[in-house]
Amino acid sequence: MSATDLARYLECHGLGLVSDKQKYRKVVALQRLTKGSVVITSRPLCNPIIFPTHRPQHCETCFQTRNSQRKVLKKASELGQQQTVELERCSVCKKRYYCDRDCFTIAWKGWHRWICTDKDMEDLDYEMLKMIAISIERLRNGAYKESEDAHIFSAAYEATAPDGIKTKTTTAIKAETRLDSDSGSETGTETEIRGLGSSPPSTWEAADKKEEPLGLTAYVFSTLLGHESISDPSLISKYRQIATRVRQQLLGSKFVFKSEISGGEPPSVTELMQYLCRFHCNNFSVHDAQLFTMAEGTFPVGALFNHSCRPNATVMYEGKLQVVRALEDIETGQEICTSYVDNGVQRLERRQLLREKYFFECRCPRCGNDQSCEKSDGLSDQDQGDSDDVSKVKQSGFRILDDLIEGNDDGPERGKNKVSGEWLTEQFKPIVLPGARFLQVPAPTLQPPSIFTRATFTSYVLHSLVPLIQTGVSEREYTSKLFEVYQTLQTTQHSHPKPFTTTVMTNATSFFNTCLEHQSWTLASKIGAFILALYLMIYPRHHPLVGLHCFTLAKSLWNDIEGGLTSVRLSHEILRLSLNILKVSHGNKGDNGSLVQEVIDFMKTVDLELGS
Ligand SMILES: C[S@@+](CC[C@H](N)C(=O)[O-])C[C@H]1O[C@@H](n2cnc3c(N)ncnc32)[C@H](O)[C@@H]1O
């Protein structure tokens with residue numbers, strides 16, 4: 001595989017990989033992508049490492065959760081049960097779980113037998129490194145067969161081509177035919193992929209163009225940045241120890257390195273250290289549909305996307321397959337970016353993480369690169385002098401956002417970040433929830449309040465932005481309204497402590513969860529509406545977090561008996577919002593699709609109650 005093969009593969013997906021002075025390379029759209037479409041899928045180079053606490057819930061092979069496994073459900077119905085069938089545990093290590101013997105056999109032949117009795121496997125870096133070394137060697141020596149993975153991606157994933165035509169991948173087709181046949185043997189060397197140096201078919205067949213051969217995955221991995229030369233020496237020394245341990249373990253194990261490239265030896269310590277450095281700034285936390293992380297994985301194609309604090313794409317998972325989805329319409333030539341950090345944290349924290357973990361200074365539309373960023377990076381107000389005022393005046397668009405949400409005060413105990421429940425309750429009580437019908441119609445003449453409190457902020461932002469999401473206006477129109485909201489928030493007086501900082505958001509979120517736990521639905525709904533306003537100010541409108549929050553808020557509103565029918569109507573409207581967002585961020589496949597279906601089903605219940 002070569003750079004040309006990668007370029008051709010990406011081109012088939014309507015993507016281009018362009019050199020960039022600051023970022024090394026960047027992925028750009030070669031054609032218009034509509035919001036919600038799958039930009040590309042990315043496969044893991046080795047089995048993602050499930051965190052120990054999450055192992056009993058996920059099959060190591062197909063990665064499906066216990067309750068969503070089709071096979072398990074079928075088994076349950078055969079047993080006359082409703083749903084829950086426990087996963088089966090490996091009887092030797094007693095640590096890894098599988099749906100059944102089929103999944104266990106695939107794992108055993110592929111990787112499990114090499115790690116089953118290795119006591120060091122509880123260290124994430126060690127585990128990932130050993131798995132990658134084995135995975136790459138199996139690919140090089142021809143022991144790996146593409147068909148083995150058919151089972152892994154058996155969700156029969158349908159990739160949506162940029163033109164909107166649904167293409168069933170050949171992986172999916174293979175999966176269907178493989179279900180009835182036995183898994184292949186480890187010893188066979190007549191494989192489709194003969195090693196990293198071999199060429200792909202001379203033309204990418206129409207059906208093949210959506211499929212990512214593992215040879216390509218490994219090639220992309222070999223091209224990723226590791227930043228070895230600028231990494232922290234203590235990290236490098238830690239990596240040397242891990243690499244040495246893994247190499248010794250591999251030398252002593254029965255795993256045979258028999259490819260031409262390996263020459264009978266595991267990769268050198270230096271090469272293994274390079275892998276570790278690449279993991280550091282390219283690996284992903286794998287999360288479920290609710291965005292709870294449960295594993296770590298190496299997805300090289302997905303790692304080609306650069307970071308932006310205002311991303312236009314997001315990363316989701318369908319079983320073990322990573323799916324990059326467009327969060328907004330992306331025009332030809334535009335760079336496609338995901339986010340490496342939570343966009344809800346303050347500029348200083350984001351920049352520090354990006355610098356320490358990914359070794360770059362962010363110059364995205366939100367961060368920019370002028371002096372105003374430096375202020376948060378440690379320069380005192382005095383150091384900034386008058387230039388601060390000047391740079392503030394110059395700021396526009398997303399650049400305003402971080403100044404708006406800065407601040408650590410929340411509550412009477414200034415600076416301590418500790419606020420009493422009573423005080424918080426008082427802060428949220430005055431919020432008047434918007435009428436459902438007001439959320440459907442944009443109000444062009446909406447007057448901003450004379451002072452922003454938590455209540456007036458919630459009302460102003462929700463009335464300004466939600467109708468635009470409901471009516472699906474263009475990104476340009478939405479952004480222009482959003483900038484208008486930012487300007488208003490900047491130029492209007494606000495109460496103290498400032499109601500729209502990230503500190504306030506963190507405290508409000510934990511208070512919201514407490515209210516939900518205690519079933520204080522009226523208060524929870526008010527806090528939930530406030531959090532929604534803050535989310536809309538900070539996150540892209542179709543961000544999965546926004547959709548998930550809307551779903552929780554809608555459930556709270558529906559439970560709020562005090563609010564009567566008004567609250568049920570609002571619940572319906574917020575559900576509609578949740579659905580609009582989740583359809584874009586989550587799509588309609590697997591566990592993500594099930595979540596969207598849950599929203600639809602809940603809407604039907606609410607519909608019934610409203611008699612519509
Ligand atoms: C996951 S990789 C992204 C793909 C990478 N650009 C490449 O061509 O392989 C992460 C690395 O890309 C670079 N990078 C990502 N986003 C960037 C950004 N917004 N600005 C500058 N460099 C960025 C950094 O060097 C970072 O460590």
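The legends below describe close-up views of one predicted protein model. The model is a prediction, in which local features need pLDDT of at least 70 and side-chain atom pairs count only at pLDDT 80 or more, whereas totals for chains, interfaces and linings use all residues. Residues are numbered from 1 along each chain as its sequence is written.

**View 1. Domains of the chain and the contact of domain 2 with domain 3.** The domain assignment divides the protein chain into domain 1 (40–291), domain 2 (342–396) and domain 3 (407–610), with bounds that come from an automatic or database domain assignment. Between domain 2 and domain 3, 4 residues of the former are in contact with 4 residues of the latter, where contact requires that the C-beta atoms of two residues, placed from the backbone, lie within 7 Å. On the domain 2 side that touches domain 3 there are 1 nonpolar, 3 polar and no charged residues; here Ala, Val, Leu, Ile, Met, Phe, Trp, Tyr, Cys and Pro count as nonpolar, Asp, Glu, Lys and Arg as charged, and the others, Gly among them, as polar.

**View 2. The hairpin of β1 and β2.** Strand β1 (residues 15–20) and strand β2 (residues 24–29) run antiparallel and are joined by 6 bridges, and 3 residues lie between them in the hairpin. Asp20 stands opposite Tyr24 in β2. Two strands pair if DSSP finds at least two bridges between them, while helices (H or I, at least four residues) and strands (E, at least two) are DSSP runs, numbered from the N terminus.

**View 3. The open sheet β4-β10-β9.** This sheet has 3 strands with antiparallel pairing, and its edge strands, β4 (49–50) and β9 (284–287), each pair on one side only. Strand β10 (residues 293–297) runs antiparallel to β4 and is joined to β4 by 2 bridges, with Ile49 opposite Glu296 in β10.

**View 4. The open sheet β3-β13-β12.** The pairing of these 3 strands is antiparallel, and the edge strands β3 (38–42) and β12 (313–318) each pair on one side only. Neighbouring strands of this sheet are turned against each other by 25 degrees on average, direction ignored. Between β3 and strand β13 (residues 321–326) the antiparallel pairing extends over 4 bridges, and Val323 in β13 is the bridge partner of Thr41.

**View 5. Packing of α21 against α22.** Helix α21 (residues 564–585) and helix α22 (residues 590–610) pack at an angle of about 160 degrees, with their axes 10 Å apart; axes are lines fitted to C-alpha atoms, for helices over the stretch in contact, and angles run from 0 to 180 degrees between N-to-C directions. That makes α21 roughly antiparallel to α22, since angles under 35 degrees count as roughly parallel, over 145 as roughly antiparallel, 65 to 115 as roughly perpendicular and the rest as oblique. The crossing of α21 with α22 is left-handed, meaning that the near helix is turned anticlockwise from the far one by less than a right angle. Among the residues that make the contact are Leu575, Leu579 and Leu582 of α21 and Val599, Met603 and Val606 of α22. The contact residues divide into 12 nonpolar, 3 polar and 3 charged.

**View 6. Packing of α16 against α21.** Helix α16 (residues 454–470) packs with α21 at an angle of about 60 degrees, the axes being 10 Å apart, and the two helices are therefore oblique to each other. Their crossing is left-handed. Val466, Ile469 and Gln470 in α16 meet Arg576, Leu577 and Asn580 in α21, a contact with 3 nonpolar, 2 polar and 1 charged residues.
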